[in-house]
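Dear colleague,

I am handing over the structure that follows, together with notes on what was found in it. Please read the notes with the coordinates open beside you.

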Amino acid sequence: MRICVLGAGYAGLTLARKLERTVPDDVEILVIERTGSHLVQHELHRVVRRPSLADEIVVDLEDVLDRATVRQAEVAGVDPETGVVSLDSGETIDYDYGAVCLGAETAFYDLPGVEEHATPLKTLDHAERIRADFLDAVEAGSPDSPANVVVGGAGLSGVQVAGELAAFAREEESRESVTVTLLEQFESVAPAFPENFQAAVRDQLEARDVEIRTGTAVASADESAVELDSGERLDYDQFVWTGGIRGPAALDGERPEVENTLRLGDGTFVVGDAARVVDADGEPVPASAQAAVREARAVAENVASLVEYDREGDDIFEPRLEPFAFDSPGWLVSVGDGAVAQVGPTVLTGTAAKALKTTVGAGYLSSVGAIRNAADLVSEELGYER
């Protein structure tokens with residue numbers, strides 16, 4: 001029997017590690033991941049200003065998986081009805097149970113010129129490009145004629161990259177030579193989150209001299225300017241896009257909607273940002289790292305139940321799968337050298353929020369077996385020497 005885990009982001013790595021502990025040793029667990037490693041995505045924006053952090057937020061899968069087989073390859077397609085994975089090499093792989101954990105890609109919404117001229121933030125290469133382009137902008141700007149850096153989209157990713165670039169400008173002693181502008185089509189930053197969290201995030205951004213323009217939608221872009229829905233042209237020296245997500249190419253760019261068992265076809269599950277999940281309470285689950293981790297744990301238990309049922313073959317009816325219910329303990333977002341945290345109804349900023357953010361990041365790395373990475377991350381984030 002073979003279980004295929006497609007992708008090793010938050011959902012895929014969590015799922016594979018839990019399956020190693022919950023299914024019999026003679027069940028093959030195959031993890032197919034394009035890079036052969038796991039990227040701690042929620043810390044990626046830090047690499048723009050701190051390139052050395054790349055070593056702490058990339059984890060070799062062979063180091064944290066015990067018996068799963070890792071195959072470095074790109075998934076080109078999945079047929080959930082037949083249980084077949086197609087690789088970009090043309091090879092096909094059959095599975096008995098499969099989990100699509102390929103994450104999401106940046107959505108450009110067919111806005112003319114945006115994909116061509118903007119840099120998203122999904123990979124280390126993107127972070128390196130944003131850093132290089134920002135340093136070029138710093139070089140070109142002056143207090144009399146500041147360079148313009150435009151970030152499209154004020155969800156958590158946009159907030160983090162805008163805050164990081166503003167902090168970077170201060171470090172380069174170029175605060176007066178660079179303007180960082182954050183655009184959002186809705187009426188608030190972090191629009192999917194509670195109002196008190198939104199307000200705290202806005203305050204933190206403004207305290208770092210980020211110019212915020214909400215209720216402002218991008219219509220198109222060319223090599224030198226973003227055109228807004230209003231017809232205004234906003235010149236830029238650097239353009240970063242974090243305006244939304246779409247499904248992975250292996251799912252034709254779609255994020256299929258799945259119900260609370262996250263099942264798509266008899267033997268296939270879609271976990272994490274690759275799916276639009278409706279939980280046991282009938283509520284949509286936000287695309288986030290914490291949701292992906294919790295979904296993966298639930299799916300691992302259900303796959304283990306199905307494997308046990310298949311092997312024993314005594315019961316007439318397939319076991320009832322446990323529904324997934326999402327209950328977030330809170331939210332965290334970095335804003336330059338600070339952070340905003342929401343725990344229950346309470347919103348924290350300052351030292352407490354930053355310490356909590358660092359603790360959560362290190363705790364996640366420890367939970368997936370990357371203990372050294374966790375220690376190094378704490379040292380780097382808090383400025384300790386080791």
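This is a predicted model: local features need pLDDT of at least 70, side-chain atom pairs count only at pLDDT 80 or more; totals for chains, interfaces and linings use all residues.

**Helix packing**

In helix 7, Leu-156, Val-159, Gly-163 and Arg-170 meet Phe-197, Val-201, Leu-205 and Ala-207 of helix 8. The crossing in which helix 7 passes helix 8 is left-handed.

Helix 7 (residues 156-171) also packs with helix 6 (residues 124-140), where the axes come within 11 Å and cross at roughly 45°. Helix 6 and helix 7 are therefore oblique to each other, and helix 6 passes helix 7 in a right-handed crossing. On the side of helix 6 the contact is made by Ile-130, Arg-131, Phe-134 and Leu-135, and on the side of helix 7 by Leu-165, Phe-168 and Ala-169. The residues of this contact between helix 6 and helix 7 divide into 6 nonpolar, no polar and 1 charged.

**The parallel sheet and its helices**

An open sheet is formed by 5 strands in the order 5-2-1-9-20, and the pairing is parallel. Its edge strands are strand 5 (69-72) and strand 20 (268-270), each of which pairs on one side only, while the twist from one strand to the next averages 15°. Strand 9 (residues 97-100) pairs with strand 20 in the parallel sense over 3 bridges, and within this part of the sheet Ala-99 stands opposite Phe-269 in strand 20.

Helix 1 (residues 10-22) packs on the sheet, where it touches strand 1 (2-6), strand 2 (28-33) and strand 9, and the direction of helix 1 makes about 155° with that of strand 1. Helix 9 (residues 289-312) lies across strand 1, strand 9 and strand 20, and runs at about 165° to strand 9. Leaving aside residues up to four places away in sequence, Thr-14 touches Gly-9, Val-293, Ala-296 and Arg-297.

Strand 7 (residues 84-87) pairs with strand 8 in the antiparallel sense over 3 bridges, and Val-85 stands opposite Ile-93 in strand 8.

Strand 23 (residues 338-343) and strand 24 (residues 346-349) also pair in the antiparallel sense, over 4 bridges, with Val-340 opposite Thr-349 in strand 24. These two strands form a hairpin that has 2 residues between the strands, and in this hairpin Gly-344 takes a positive phi near 60°.

**Loop residues to check**

Most residues other than glycine have a negative phi. Asp-209, in the loop between helix 8 and strand 13 (210-214), has a phi near 70°, a positive value in a residue other than glycine; at 38% relative accessibility, Asp-209 counts as partly exposed. Leu-262, which lies in the loop between strand 19 (257-258) and strand 20, has a positive phi of about 60° although it is not a glycine. With a relative accessibility of 1%, Leu-262 counts as buried.

The loop between strand 12 (178-184) and helix 8 holds Ala-192, which at 73% relative accessibility counts as exposed. The C-alpha atoms of Ala-192 and Pro-286 are separated by 8.5 Å, and these residues are 94 residues apart along the chain.

Note on methods: Residues are numbered from 1 along each chain as its sequence is written. Side-chain values use heavy atoms; hydrogens and water are left out. Axes are lines fitted to C-alpha atoms, for helices over the stretch in contact, and angles run from 0 to 180 degrees between N-to-C directions. Angles under 35 degrees count as roughly parallel, over 145 as roughly antiparallel, 65 to 115 as roughly perpendicular and the rest as oblique. A crossing is left-handed if the near helix is turned anticlockwise from the far one by less than a right angle, and right-handed if clockwise. Contact means heavy atoms within 4.5 Å. Ala, Val, Leu, Ile, Met, Phe, Trp, Tyr, Cys and Pro count as nonpolar, Asp, Glu, Lys and Arg as charged, and the others, Gly among them, as polar. Two strands pair if DSSP finds at least two bridges between them. Buried means under 20% relative accessible area, exposed over 50%, partly exposed in between (1.4 Å probe, protein chains only).
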